[in-house]
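Subject: A structure for you to look at

Hi,

Here's the protein I said I'd pass on. Have a look at it first, then read on for what turned up.

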Amino acid sequence: MSLNDALQVLAGERLSAVTFLKDYLQLDFDGHVISAYALTDVRDEDGTITADDPGFRDALCARIGREVAGAEVQAERVFVRFEDGGEVGVSLKREDRYGSDALSFESFSSDAVHVA
């Protein structure tokens with residue numbers, strides 16, 4: 001199963017938690033977890049804010065409780081789109097990574113861990 005296929009399980013789920021760790025963050029969707037090890041951004045009606053910008057943590061945490069409309073890999077990014085039109089994106093570009101991988105995706109409904 002591809003990462004794109006695995007991400008389809010997020011549709012209809014809600015972002016339930018955001019965890020900020022030393023050099024990465026985790027997005028928990030009721031047990032499905034994206035660990036982002038690369039540049040991440042939040043887009044909403046106010047514009048786009050990246051992890052390097054002031055207010056990023058607040059913008060990301062404001063997504064908690066929002067329902068996911070869909071998620072996909074597209075043009076070197078993983079997008080999680082929400083029902084209200086906002087989205088969270090994680091870059092897959094090598095130059096945007098903080099380590100060797102850009103992200104990992106674990107789902108309680110699958111034994112597989114998807115790494116990009």
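Before we get to the strands, one term: two strands count as paired if DSSP finds at least two bridges between them. Also keep in mind that this is a predicted model.

First, the overall picture. The protein has two helices and ten strands, and from the N terminus the order is α-β-β-β-β-β-α-β-β-β-β-β. Its C-alpha trace spans about 35 × 30 × 25 Å along the principal axes. The radius of gyration is 13 Å, which agrees with a compact globule, because one of 116 residues would come out near 13 Å. Buried residues make up 40% of the 116. On the charge side, there are 11 positive and 23 negative side chains, with the centres of the two sets 4 Å apart.

Who are its partners? Strand β4 (residues 40-44) runs antiparallel to β8 and is joined to it by four bridges; there, R43 has E87 as its bridge partner. Strand β7 (residues 77-82) also pairs with β8 in the antiparallel sense, over five bridges, and R77 is partnered with S91. β7 and β8 form a hairpin with four residues between them. In that turn, look for G85, which has a positive phi of about 95°.

Cheers

Conventions. Residues are numbered from 1 along each chain as its sequence is written. This is a predicted model: local features need pLDDT of at least 70, side-chain atom pairs count only at pLDDT 80 or more; totals for chains, interfaces and linings use all residues. Side-chain values use heavy atoms; hydrogens and water are left out. The radius of gyration is taken over C-alpha atoms; the globule rule is 2.2 Å times the number of residues to the power 0.38. Buried means under 20% relative accessible area, exposed over 50%, partly exposed in between (1.4 Å probe, protein chains only). Lys and Arg count as positive and Asp and Glu as negative; His and the chain ends are not counted. The place of a charge is taken as NZ of Lys, CZ of Arg, CG of Asp or CD of Glu.
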